[in-house]
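Open the structure in your viewer and keep the selection tool ready.

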Amino acid sequence: MAVRMGFVIITSRCIDCDACMVACRAENDVPIGKTRNWVKSSGVQGKFPNVKEVFRPGNCMHCEHPPCVSVCPTGASYKRPDGIVLVEARKCIGCKYCITACPYDARFANPETGKADKCTFCLQRLEQGLQPACVQTCLGKSRQAGDLNDPNSVVSKLIEKYPTRQLLKQVGTGPNIYYIDDVVPEIPVGK
């Protein structure tokens, strides 16, 4: 079966430390004021003393049917056979169609290059057998990445064991980030 890279994000394990965002910026030389990933807050919910706050990390969904690819007039935005969606900078003309097309607001115009910019799944790290920087540095192990088609991968084991949800599933892009809101006491062993 073909490799299909994706993420699992366990919201109950995110403590909003922002280590994922710092690691991504450092690893990928992301300009100050811009970000390839994020942690959004639900805000405080409930009434004292029964209050809670939920954090939802995110980044490019590396969609099955990425609208950013279909609207790109130069072919700069493309999807690899393993499902990772990238931007080939030398082909990008900075038209921003892809930024507008992404329903997840996962792209931005890099002010230093004038090109579209986004999460690359830290391809340079994957090619060395390493996890993406956001996954490697996640203190709570909220972020997990791997081959969604490999039953021995951590992400597949998590998806098999816990209920998941995908953001904006109704728009038909086939996002490859699966969110788990249940408490996950232990991360399974796997690739």
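Buried means under 20% relative accessible area, exposed means over 50%, and partly exposed lies in between (1.4 Å probe, protein chains only). This is a predicted model, in which local features need pLDDT of at least 70, side-chain atom pairs count only at pLDDT 80 or more, and totals for chains, interfaces and linings use all residues. Residues are numbered from 1 along each chain as its sequence is written, and side-chain values use heavy atoms, with hydrogens and water left out.

Select Lys91 and Glu88 to begin. Lys91 is partly exposed, at 32% relative accessible area, and Glu88 is also partly exposed, at 23%. They form a salt bridge, with the closest N and O atoms 3.9 Å apart. A salt bridge here is a side-chain nitrogen of Lys or Arg within 4 Å of a carboxyl oxygen of Asp or Glu.

Next, select Asp117 and Arg36. Their salt bridge has its closest N and O atoms 2.7 Å apart. Asp117 lies in strand β9 (residues 116–117) and Arg36 in the loop between α1 (19–28) and β2 (37–41), so the pair ties together parts 81 residues apart in sequence. Helices (H or I, at least four residues) and strands (E, at least two) are DSSP runs, numbered from the N terminus. Are these two residues buried or exposed? Asp117 is buried, with a relative accessible area of 9%, and Arg36 is buried at 10%.

Then select Arg4, Glu64 and Lys79, which are linked in a network of salt bridges. Over the whole structure, a search finds eight salt bridges.
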